[in-house]
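Hi everyone, thanks for coming.

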Amino acid sequence: MEVKVIIGRNLWDAEWEVTEPLVRLLLNRQFPQLSTLKVQEIGNGWDNTVYRVGDEYVFRFPRRDIAITLLNTEAKILPKLEHYITVPYAKPLFFGKESEDYPAPFLGYTYLPGKFPIGISDEARMQSAATLARFLKNLHTFPVEIAQQAGVLSDQRNLTDLAGRKDKMLNFLSRLTLYITQAELNEIADYLQGIQLDRVRHQHVLIHGDLHFKNMLVDDAGKLSGIIDWGDINIGHPACDLSIVYSFLPPASRAAFYDIYGEVDEETKILARMIAVYIPMLIFIQAIDEKDEAIALEAKSIIQRAIAR
């Protein structure tokens, strides 16, 4: 079967298409014990297409070349985190190899039940403050040396450059002017202009690297039930993960989070809040491009929550 190559124009566009027939072919050839199970596409991230296989497994297939290195690193480091991670996370069980059928490795994991935390109340979010704090406190104490031995790289995204990030966000804001009110636009612009710090000091801990609502699962009561998509795991600034304190938790529960996680310096909080606005701005723009109204509305509400004090 020939893989369809796609020429994209956006950061989130796929470079090749992962179809159900292709997934079935790969499973038949590499994991024949799964060949009789139902196969169903359940989502696309920036880097991977995700299929549920039967009731117990989920497979992630890179849709861009850049995701291959990330997936290989994930396969090495995730098994080592078992005694550090305090929330359910998808553990890799099947390690697919690139072949003439498909140009990339792929991974199969335990399936985690749950749903994305879209449209849930502040009261539901507050339930997870302690769980999130313990999860990140443990993750951020994982020995950096062991992570490096497993191939985890230091962050390449220049996270600590606040001035450069502000410029990008002001550009994003210009792309959102048709989709938010003038009052909302002014609120975001005022927040960005109020950031006077140009750069923060580097810190080096193991981080998830992409912690936002599309990589979290909650149960029917809205309580955190799992963390998924570890493809951006790296050694970098904890503010990247601490952004979830501002994007997911309402202001009233942030102090309770830090009571458990531990206090952090003010510049880390400034960077964390900034990333908590930056990521949903990107997701908002992608949702507009893909005409996904529900995700666009959620992204807008996250921006408002992150800015709120």
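A quick word on the ground rules. This is a predicted model, in which local features need pLDDT of at least 70 and side-chain atom pairs count only at pLDDT 80 or more, while totals for chains, interfaces and linings use all residues. Residues are numbered from 1 along each chain as its sequence is written, and side-chain values use heavy atoms, with hydrogens and water left out.

Let's start inside. A nonpolar core here is a set of buried Ala, Val, Leu, Ile, Met, Phe, Trp, Tyr and Cys residues joined through side-chain atoms within 4.5 Å. Buried means under 20% relative accessible area, exposed means over 50%, and partly exposed is in between, using a 1.4 Å probe and protein chains only. The largest such core has 86 residues, and L81, F135, W230 and F257 have the most contacts inside it. Which helix gives this core its largest share? That is helix 11, residues 266-289, with 14 residues. Helices are DSSP runs of H or I with at least four residues, strands are runs of E with at least two, and both are numbered from the N terminus.

Contact, by the way, means heavy atoms within 4.5 Å. Not counting residues up to four places away in sequence, F135 touches I85, T86, V87, L211, I227 and W230. Apart from this core lies another one, of 19 residues, including L34, F59, A104 and F106.

Now back to helix 11 and its partners. For the geometry, axes are lines fitted to C-alpha atoms, for helices over the stretch in contact, and angles run from 0 to 180 degrees between N-to-C directions. Helix 11 packs with helix 12, residues 293-307, at an angle of about 165°, their axes 8 Å apart. That makes the two helices roughly antiparallel, a label for angles over 145 degrees. On the helix 11 side, the contact includes A276, P280 and F284, and on the helix 12 side it includes A299, I303 and I307. By class, this contact has 14 nonpolar, no polar and two charged residues; Ala, Val, Leu, Ile, Met, Phe, Trp, Tyr, Cys and Pro count as nonpolar, Asp, Glu, Lys and Arg as charged, and the others, Gly among them, as polar.

The other pair is helix 6 with helix 11: the axes come within 10 Å and cross at roughly 30°. Among the residues that meet are M169 and F172 in helix 6 and M274 and Y278 in helix 11. This contact has 13 nonpolar, no polar and four charged residues.

Finally, the loops. Beyond its neighbours within four places, T160 is in contact with D198, R199, V200, R201, H202, H237 and L271.

K97, in the loop between strand 4 and strand 5, is exposed at 58%. Beyond its close sequence neighbours within four places, K97 contacts Q30, A104, P105 and F106.

Two more residues are worth a look for their backbone. Most residues other than glycine have a negative phi. D229 has a positive phi of about 55°, and K291 has a positive phi near 55°.

How values were computed:
Angles under 35 degrees count as roughly parallel, over 145 as roughly antiparallel, 65 to 115 as roughly perpendicular and the rest as oblique.
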